[in-house]
Amino acid sequence: MTSILTNLFDGVAYGMLLFVLACGLAVTLGLMNFVNLAHGSFAMAGGYICAVLVNGQGWPFFAALPLAFVGSSLIGAAFERTLYRHLYTRSHLDQVLFSIGLVFMSVAAVDYFMGSSRVFINLPSALEGQFDVYGVGIGRYRLMIIVICGLLTALLQLILAKTRFGSRLRAAVDDPRAASGLGINVPQVFAFTFAFGCGLAGLGGALSAEVLGLDPYFPLKFMIYFLIVVTVGGSSSITGPFLASLLLGIGDVAGKYYVPRMGPFVIYTIMIVILIWRPNGLFGRTAAR
Amino acid sequence: MTLALETKGLGKQFGGLKVTRDLSLQVTQGARHALIGPNGAGKTTVINLLTGVLKPNAGRILLEGNDITNLTVHRRVLRGLSRTFQINQLYPDLTPIETIGLAVAERLGRGGDWWRVMGTRDDVNAEIAENLERFHLTDVRNEPTVTLAYGKQRLLEIAVAIASKPRVLLLDEPAAGVPESERHDILAAVASLPRDVTVLLIEHDMDLVFSFADRISVLVNGAVLVEGAPDEVARDARAKAVYLGEGADG
Amino acid sequence: MSASSDVGRIARAHANWHWSEIVFWCLTLACGFLFPSRYLIMTDIVRLALFALSLDLILGYAGIVSLGHAAFFGIGAYSAGLLAVHGVITQPVLALIVAGLVAAVIGFLTSFLVIRGVDLTRLMVTLGIALLLEALSERFSNITGGTDGLQGIEMAPVLGAFQFDIFGRTGFFYALIVLFVLFLIARRIVHSPFGLSLRAIKNNPLRAAAIGVPVNRRLIGVYTLAAFYAGIAGALFTQTTQLASLDVFSFERSADLMLVLVIGGTGYLYGGLIGAVVFRMLQEFFSNITPEYWQFWIGLVLVVIVLVGRARLHRWVLFVPNWIIRQFGGQKATVAVSEGEAS
């Protein structure tokens, strides 16, 4: 019984992490119908920024996290302004080729500068180990992930629901043409959102170094996870990707624990079953129009 | 009297918006039936429902008495329900021979033939040639569609639909955007469609409607407001109000 | 001449052989005699060309973007390897066909997932299937040899007469003949009514359905066919290198393949063949500069190609050959590259 709860807890932590990593991609897809397979590269950038600051410069972990966010979002903004914006009207094939090219370049570049082995970020001792709550093992680090990602999710919901920018963003996702007719500067909204999504991915990358592992192949290894989150979750709201992330996280952890020999196949099975059942994703409209 | 095409209580809604409500149309065999209505009346939705692009939330569609409500788009075509498209949806790179050839090959059940090269079957070739001739496309038969004059493209549009040998043909604004000089060809082609083909014309242009149709249904807010012979509809106060309200003069 | 036979003549004209095609194949054959020291790399190019031809069938002709075409390559590779190791079918040609058929069956089964949904779903499903197969062959390493690869593959002579030699001469001509035969078949198929309907589907699936084309059935058909071709390419890989390891399924293989096709151009069959030659030369060039990081340059090539624009790039690249062809064959004979992919 307690192992079920522990696994559930780990799964939730994993799922929330995936959500923070992938929600930027969902918005990019929903807003501009842009397939950005290089999303993981921005997450990796955040992870390495954090690693360099903490391990190399001796920054405290919690001070480096915001820098991972800022750094990744700046990189994201730079790429959006210089490269991505030229490709919004292109075919999906072009977008796929372009972003795969970026992935390959980022993998080789990080390998060149940082080496190919896995990087560990020095954590404060307060985050190590686990404690028991009525016999359920709660990892401190995972608890922190849940707290941070939970707060971020709530914050995102608030921004989307309550702010002026949020309502503009929702209008632009619903119907970009009508939105620009209403005087909303859609390219600007998109640039902000893209940068913000990259920042979140970077933060996720920094947080995930301990759990998922951080090495130059990160963008390739987790590409399928991001795709599953946005395909299954849809992109008309952030609730869909959130639920999809939780499902994926819990499913993956449970699969690896209970059927270790078949662990990796659990998520593929979930993916295929969902696709047969709901070809256009679990939650409403999918991104591509 | 058999009905060529009939809808019974057809309904479609997007979210909370009812675009088609309780639509019951009866198109008799061999009729020249026009479906008119102001912008936003739901004409496009009706076409999409009839051709199977959209699935209705309620009601049934019957083609010559057979229920086709749940058939896919291409199966309806093979059953004898074809359509033309309003805006240009032809294949820009394909020639008229290829475009018409597609429809002919599918109708004759040769579309899945992967081993014989196009042009080796005489029955297919003969039908392509016949349609090219009938719609005055023989001189441009080997030119890519994108290079054809707009009027020729509209003719090709009708030729492709006829190549499937439909029993019922949905004509979606066949003359829209055609320059005055080429308009005559289109009207002549429409007028000379075989009498055994039932035609449902969806149109904006009142001149074309009143010169062509023997029966008219006026669609407003997704439902039929008035239906009758052209002179009845022309006299009808409600129909006038709809069009006058839209700012068109009588 | 009757109108009907006139239509037939014009329709068939698209399938006629152009002299530049004959020159192309003669040159290819000549390479086999001109560079006897380069059989191994040339065999590699031929295999890659066949694999790219397979992707062109679904990407260039049907508009399906796949991130996991290596799945079928891998199936073919392992099938051929296992058939040889266990001595089930020792005759290479027969084993090749069987391996292709196994891949075709998997292609047929997975096509139902692929044809549903939009581009994004297809990306996920194709990538997912390749990863799934990679994970499976790692899991069942007792059968597949795992990361070490399948050991002890020995090939019987082709058709009982031509022994595989150490210089790769037999391997090269064997692969070239397989490529040529499959190319002929593909060439016939794309000029058939089936091929024409694929072009229509790629351009506008809704319109194709409104003409009476059973869109899903056609896509299932071509996907299965492409899986068969990819399976043969994979089997050729195993038979000519006597090697099959986990990386046959890798994402890099699928992604590189896209680059091959994009370099050569999609939708005219020769794209994959030309692309394979250029890609291998690029790869050689980049590995000589930076052996460990050549992937960076491959990525850069992809990014540049997309930013410049594929269609424009091919106009530049094909400018010289087209200019030559125009001098002899007139305007219409030029090598066409389809512009504007289905989005």
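Modeller: Helices (H or I, at least four residues) and strands (E, at least two) are DSSP runs, numbered from the N terminus. By that count chain B has nine helices and eleven strands. This is a predicted model, in which local features need pLDDT of at least 70 and side-chain atom pairs pLDDT 80 or more, while totals for chains, interfaces and linings use all residues. Residues are numbered from 1 along each chain as its sequence is written, and chains are lettered from A and ligands numbered from 1 in the order written.

Biologist: How do you know that chain B agrees with a compact globule?

Modeller: The radius of gyration is taken over C-alpha atoms, and the globule rule is 2.2 Å times the number of residues to the power 0.38. For 250 residues the rule gives a value near 18 Å, and chain B has 18 Å, so the two agree. The C-alpha atoms of chain B fill a box of roughly 55 × 40 × 35 Å along the principal axes.

Biologist: What makes α9(C) roughly perpendicular to α11(C)?

Modeller: The axes of α9 (residues 193-203) and α11 (residues 215-241) of chain C come within 10 Å and cross at roughly 115 degrees. Roughly perpendicular covers 65 to 115 degrees (under 35 is roughly parallel, over 145 roughly antiparallel, the rest oblique), so α9(C) and α11(C) get that label.

Biologist: Which residues of α9(C) and α11(C) make the contact?

Modeller: With contact meaning C-beta atoms, placed from the backbone, within 7 Å, α9(C) supplies F194(C), S197(C), L198(C) and I201(C), and α11(C) supplies V215(C), R218(C), L219(C) and V222(C).

Key
Axes fitted to C-alpha atoms, helices over the stretch in contact; angles between N-to-C directions. Contact = placed C-beta atoms within 7 Å.
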